[in-house]
Amino acid sequence: SQTIHQWPATLVQPVGSPLSLECTVEGTSNPNLYWYRQAAGRGLQLLFYSVGIGQISSEVPQNLSASRPQDRQFILSSKKLLLSDSGFYLCAWSAGHRNNYGYTFGSGTRLTVV
Amino acid sequence: QKEVEQNSGPLSVPEGAIASLNCTYSDRVSQSFFWYRQYSGKSPELIMSIYSNGDKEDGRFTAQLNKASQYVSLLIRDSQPSDSATYLCAVIQGAQKLVFGQGTRLTINP
């Protein structure tokens, strides 16, 4: 069966510090991968998605970036965090072209920028 | 106009009653629709998917889709306190993107 791992679960970082969040998927190949952010009390905002290694699409202009160095690995990064980057970051995967089955989410990383 | 709209609630329903959650979407060509449940502090979990007009039932949950009206709903029968959560409506747009509504917070009162 497929599983998705996301870490760390919580993170407190000072303004201006770098960020690296990692997500890996097991039990499938060539998944579509996604990064979402959820601000407190809000819906999910799509940040990036990837349909293959090295292929990244950005949905929202910001100081965040994403990379996909391996088929089942998706990384969210920032060189300098802002207070507004605080939120609940969620990685998700879908089965390539078969995204009609919906997305499966990781357990999320709660980021607080102080 | 937002791509996917839901009433944010909160929606309060007595235990044992039917909870009705509604969602509208703007993209007429959307074909795939989902309901996710999110407990406080947790990640969303998929509870229902629907692709054709009409009703789809799974246990106590029924999803309803009306593409002409661009409307999706979720009914929860015999509501339980464990159903208290935020319910997110989501719609596939384009080839790859799942777009979410802001969610409706549901509280089931014992």
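Modeller: Helices (H or I, at least four residues) and strands (E, at least two) are DSSP runs, numbered from the N terminus. The structure is a predicted model, in which local features need pLDDT of at least 70 and side-chain atom pairs count only at pLDDT 80 or more, while totals for chains, interfaces and linings use all residues. Residues are numbered from 1 along each chain as its sequence is written, chains are lettered from A and ligands numbered from 1 in the order in which they are written, and side-chain values use heavy atoms, with hydrogens and water left out.

Biologist: Where does Asn30(A) lie, and why does Asn30(A) count as partly exposed?

Modeller: Asn30(A) belongs to the loop between strand 3 (19–26) and strand 4 (32–38) of chain A. Buried means under 20% relative accessible area, exposed over 50%, and partly exposed in between (1.4 Å probe, protein chains only). Asn30(A) has 44% relative accessibility and therefore counts as partly exposed. Its phi is near 50 degrees, a positive value in a residue other than glycine.

Biologist: Why does Asp78(B) count as partly exposed?

Modeller: The relative accessibility of Asp78(B) is 41%, so the residue counts as partly exposed. Asp78(B) is in the loop between strand 8 (71–76) and strand 9 (85–93) of chain B, and its phi is likewise near 50 degrees, a positive value.

Biologist: Why does Gln38(B) count as buried?

Modeller: Gln38(B) has a relative accessibility of 7%, and therefore counts as buried. Its place is in strand 4 (residues 33–38) of chain B.

Biologist: What joins the side chains of Gln38(B) and Gln38(A)?

Modeller: A polar contact is a pair of N or O atoms within 3.5 Å; within protein, one must be able to donate a hydrogen and the other to accept it, and residues adjacent in sequence count only if both atoms are side-chain atoms. The two side chains are joined by such a contact, of 2.8 Å. The side chain of Gln38(B) also reaches the backbone oxygen of Lys42(B) at 2.8 Å. Residues in contact with Gln38(B) (heavy atoms within 4.5 Å) include Leu44(A), Phe88(A) and Pro44(B).

Biologist: What makes a set of residues a nonpolar core, and which residues have the most contacts inside the largest one?

Modeller: Such a core is a set of buried Ala, Val, Leu, Ile, Met, Phe, Trp, Tyr and Cys residues joined through side-chain atoms within 4.5 Å. The largest has 24 residues, and those with the most contacts inside it are Trp35(B), Val72(B), Leu74(B), Ile76(B) and Tyr87(B). A second, separate core of 20 residues includes Leu11(A), Leu21(A), Phe74(A) and Trp93(A).

Definitions and conventions: Lists of a residue's contacts leave out its neighbours within four places in sequence.
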